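The sequence and structure come first.

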Amino acid sequence: MSSYISENPSESILPFKEIPGSYGLPFFGPIQDRLDYYYKQGSDEFFRARIKKYNSTVFRMNSPPGPFNARDSKVVVLLDAVSFPVLFDTSKVEKRNIFTGTYMPSTNFNGGYRVCSYLDPSERKHEILKGFILSLLGRLHKQIIPTFRRSVSRLFTDLETELSDKGEANFNAISDKMSFDLLFRLFANTSSYDTSVAGDGNTNLDKWLFFQLAPLVPLNLKFLPKVVEDFLLHTFPLPSFIVKSGYEKVREAFNKAAKELLDEAEKDGISRDEASHNLLFLSGFNAYGGTKILFPALLKYVGTGGSDLHRRLAYEIRTVAAEEGGITLAGINKMSLVKSVVWEALRIEPPVASQYGKAKEDITITSHDASYIIKKGEIIFGYQPLATKDPKIFVDPDKFVADRFVGHGEKLIKYVYWSNGRETDDPTTSNKQCPGKDMVVLFSRLMLVEFFLRYDTFKVEIGKLLLGSSVTFKSLTKAA
């Protein structure tokens, strides 16, 4: 048996406790937890109620979706910042086929391949694929700023046009189109608008994403009883053939535009077909799926932060840009408030809520209050939106604090876990941290920089979507 102890030395003497919680009756227990999780309580309240019930941030539960999408829904859940990082330690936990939890979508969504996200670092194919991806992202790093600036200019044009025509603008729809074009430009060196998918590529990916993730989300349709919706959406996986033509349309355009990239993959020993599906998963599922949640969340919190926050961001951004003679990576790294706002958005509303691993051996973990033993083979489920709101780590954890990570506060970024790793760590072929971690952070900083170079302040109306938040612009004041 091994131990997993965090940097707090007092945790080594914490008392051992049995992991509380119950799985209930076979079949019925998972169904009951699923209904509570999706419909009766919602995810955050589901977990908060059980923390209170068990007086513990570590407990047993059934992870959705349960029968019949998952063979075994039994998990040990971690909801504090101390126990959570065991999920990053691939010497302790296995990551094989567990990217989306106890349920794995059919490989038919990805040409029959187990793409890199579903591979464990112990598998040789993981080293080859992630090594290729990391090498690619390293080469593209200098292209991120100019590529982003070209793509985002259309976003602001569309935003202003819709706001002028309709009196309000749906940021999510405009942002999704921009994100797809940005990633297509970055990986294929061509605007998606100049290919066969034109401006509709993101809608094909939206359908492809939904059919994979449907068992993991509620629709809350008003015209269907919740029990009926639950049965139709969460009991059986949705078939891939319905969205295959749209997916293949995007892949065909990508393959044609990214020929040189696929040539490089072949030189690294990866077949063109497998490389194509992996690159589309990286750009379409990981990156596009992430920005689909992250960009609206960022503008939601900044928008509701008020005019004083807008003034401070605009001042910092414009001052540094003037000093640097433009937008540079060195300049962005000097923008302490911009960096803090992005980290805070990633902390309070991470684009990936859940992370999973299977214990390779008996593991001792610690929370703030006790030690527990997780048995070999048990599945560990970390729900990040609560772990990164740990009240014993963060002051006012449920509140968006724009300058939380400014100055001495920056030391707390090690508790920002959105990338399947600490924000202070780097992705490698031997871990499962998001290979595009630094790219996503830079995208988010650039979104703020480009926005406040153009505008002084804005007002938004926010709501809830299937994935993330909806943001509707109500007003937009251009920079003087």
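## Salt bridges and their surroundings

Glutamate 266 and arginine 272 form a salt bridge, with their closest N and O atoms 3.1 Å apart; a salt bridge is a side-chain nitrogen of Lys or Arg within 4 Å of a carboxyl oxygen of Asp or Glu. The model is predicted: local features need pLDDT of at least 70 and side-chain atom pairs count only at pLDDT 80 or more, while totals for chains, interfaces and linings use all residues. Residues are numbered from 1 along each chain as its sequence is written, and side-chain values use heavy atoms, with hydrogens and water left out.

By the salt-bridge rule the count comes to 34. The side chains of arginine 60 and glutamate 378 make one of them, at 2.5 Å from N to O. Arginine 60 belongs to strand β2 and glutamate 378 to the loop between β8 (371-374) and β9, so this pair ties together parts 318 residues apart in sequence. Both arginine 60 and glutamate 378 are buried. Here buried means under 20% relative accessible area, exposed over 50%, and partly exposed in between (1.4 Å probe, protein chains only). Helices (H or I, at least four residues) and strands (E, at least two) are DSSP runs, numbered from the N terminus.

Lysine 125 and glutamate 274 also meet in a salt bridge, at 3.1 Å from N to O. Lysine 125 lies in helix α3 (residues 124-140) and glutamate 274 in helix α10 (residues 272-304), so the pair links parts 149 residues apart in sequence.

| Residue | Relative accessible area | Class |
|---|---|---|
| Lysine 125 | 30% | partly exposed |
| Glutamate 274 | 8% | buried |
| Glutamate 266 | 41% | partly exposed |
| Arginine 272 | 27% | partly exposed |

An open sheet of 5 strands has the order β2-β3-β9-β6-β4, with mixed pairing. Strands β2 (58-62) and β4 (93-94) stand at the edges with a single partner each, so one side of each has no neighbour in the sheet. Strands β6 (residues 354-359) and β9 (residues 379-383) pair in the antiparallel sense over 5 bridges; two strands pair if DSSP finds at least two bridges between them. Serine 354 stands opposite tyrosine 383 in β9.

In helix α15 (residues 437-454), 15 of the 18 residues are buried, so α15 is largely enclosed by the rest of the structure.

Asparagine 202, in helix α6 (residues 201-213), is buried at 4% relative accessible area. Phenylalanine 236, in the loop between α7 and α8 (241-257), is partly exposed at 43%.
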